[in-house]
Amino acid sequence: MDLIAVSFFTAYLAIMILIAFFAYRRSTKTSDDYFVASRSIGPVVLFFTLAATNFSAFTFFGFAGAAYKFGLAYYGIMGFGTGIMALSFFFLGRRIWRLGREKGYITPAELIGDRFSSDSLRMVFLGVMVVFTLPYIATQAIGGGIAFETLTDGEVSYELGAVLVTVVVVAYVTIGGMRADAYTDVLQGIMMFVTLIAAVGIVSAGLGGFTEANTRLAEEFPDLVSRPGGRDYFTPQVWLSFMLLWIFCDPMFPQLFVRFYSAKNEKAIKVSMMMYAPITAIVFLCPVLIGAWGNLQFPGLTGSEPDQILPMMVDEFAPSWVLGIMLAGAFAALMSTADSQLLVLSSMLTRDVYKKWVKADASQRHEFIVGKALVVGLALLSLAIALSSVETLFETLTKTTFTGLAVLFPTTVAALYWRRANKWGCMASIAAGELLYAGFYFGVVPSSYSWGFLPVVPVMIAATAALVGVSLATSRKG
Amino acid sequence: MAQVLRSKWFWAAAFSLLFVLSIDIWAWDWSWPTVFGLPYIVTYIAVLEAGLFALYFLFARYYWTDDGGGA
């Protein structure tokens, strides 16, 4: 275990806690302040908190692992797909922000339930978000465990690493809420950016230079610099599926959805949209390059081994203390996502369940205390999930969370734009989408029925058709 | 020109075109090296991202106005 690396990492964790106390001093101890920072987040902080929340452990480990297997074309489906997704900041984010200010919404399900005057739909919407976000939090803990094990050469176990990451995240979210979450995201976003750029520099230098690394990759692994790529992965159908997946899925991440509530003004959302293109262009390229180059140094990795290619490559070409700093960047990525997920799930259970069904007269101060307790409870639950199984990040995420949340997209668009939509149409949409997705996932529906596309394409067609068809066929008042 | 940039049809067409360009099936097997030895697909996507940033900038400047325009 390198002393410099451990010292740097300890300092990083300590700064997170200090930022939380700084945020706490500015807080007003109400649920509105704890969950959405009193709707006061300005352009710079909003951009960083959106990006840092969006980019997770998956961005570091999963991207590199996928690029190792499938090649550099992975940059296309991740970089541009996520970049153009930011157009939804205008179509969805702006209206969500306006309604949040006007009606005092804190959770996504509040908006949906209120729009359609339906507690049932509100609970269904909430349930889908909770079910598909909890495993995602567990994924961050898994990433933390992997990074810790690598950082300490196995002296700290995967399990202990996952516990430590969870404890620190719980500490600063409990102390400072959304304000701490957003402020830490600024530092974590900068750390991610700097460490990924530095990692590319170090690894490419070790391989004989940037151009040399790319040239060698093209010569030795020509399938990794073209399509269909490694294992013939990138068919046109898969390519289009991923482009659509991020557009439908990312805005439905509850932790991104509520960030629109927390914006100070429309300018903050507008600036965030503009900056999403350059940040995805640069940040997403780095792990993809390192992952693909990994074949030059560590050919033949199998199973979940490619998920560790990024730390393996940095470890190969840099002193161990540099690896420690790099891994702090990875920790920043996963912690900035996990903290937001914990907070938003806590807000949803506090507002949509506790206040709605248990204590309707709960004061903002009461909600604030319940919210903090739920952060701890949810963290323990996700940690239990993380320690129960370790699966390849890429597979876990693409198979469950992303498509599962994308199903909510038609309902959200209808809530904001289509007056004839009603609760029956929305429930039919969610039911049709999730059932079809479950059918694909468990093999009840043959994969050939997706015509070569990822399940998200037929699932979204079914969800949209159900929404339109049932809304038109039932009473307008629902 | 400014009037064109305030048309929702212009922006629908512009973003749709960029999205279609990202599904470059006409160049599926292109793999020749470009700058710094990067293969075609990486440079192509980087150029599209630059175009996307330019569109976002103009969209925010001319269409998404603070007075509630662009609704």
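Some bookkeeping comes before that. Residues are numbered from 1 along each chain as its sequence is written, and chains are lettered from A and ligands numbered from 1 in the order in which they are written. The model is predicted, with local features needing pLDDT of at least 70 and side-chain atom pairs counting only at pLDDT 80 or more, while totals for chains, interfaces and linings use all residues.

Let me start with the two chains. In chain B, 27 residues are in contact with 32 residues of chain A; contact here is C-beta atoms, placed from the backbone, within 7 Å. On the chain B side, the elements giving two or more residues are helix 1 (8–22) and helix 2 (40–63). Helices are DSSP runs of H or I, at least four residues, numbered from the N terminus. Helix 2 of chain B supplies the largest share, 11 residues.

Still on chain B, Phe36(B) sits in the loop between helix 1 and helix 2. Phe36(B) has a positive phi of about 55 degrees, although it is not a glycine. Most residues other than glycine have a negative phi, and most peptide bonds are trans. With 15 other C-beta atoms within 10 Å, Phe36(B) is partly exposed (20 or more would be buried, 12 or fewer exposed, and partly exposed is in between).

Now chain A, and its loop between helix 10 (210–220) and helix 11 (236–249), where Pro228(A) is placed. A cis peptide bond joins Arg227(A) to Pro228(A), with omega about 15 degrees. Asp232(A) also lies in the loop between helix 10 and helix 11. Asp232(A) is not a glycine, yet its phi is positive, about 50 degrees. Asp232(A) counts as exposed because it has 11 C-beta neighbours inside 10 Å.

What about the interior? The largest nonpolar core has 204 residues, and Leu72(A), Tyr74(A) and Ala406(A) have the most contacts inside it. Such a core is a set of buried Ala, Val, Leu, Ile, Met, Phe, Trp, Tyr and Cys residues joined through C-beta atoms within 7 Å. Helix 9 (residues 158–206) of chain A gives the most to this core, 20 residues. Beyond its neighbours within four places in sequence, Ala406(A) is in contact with residues including Leu245(A), Phe248(A) and Val456(A).

Note on methods: Contact = placed C-beta atoms within 7 Å.
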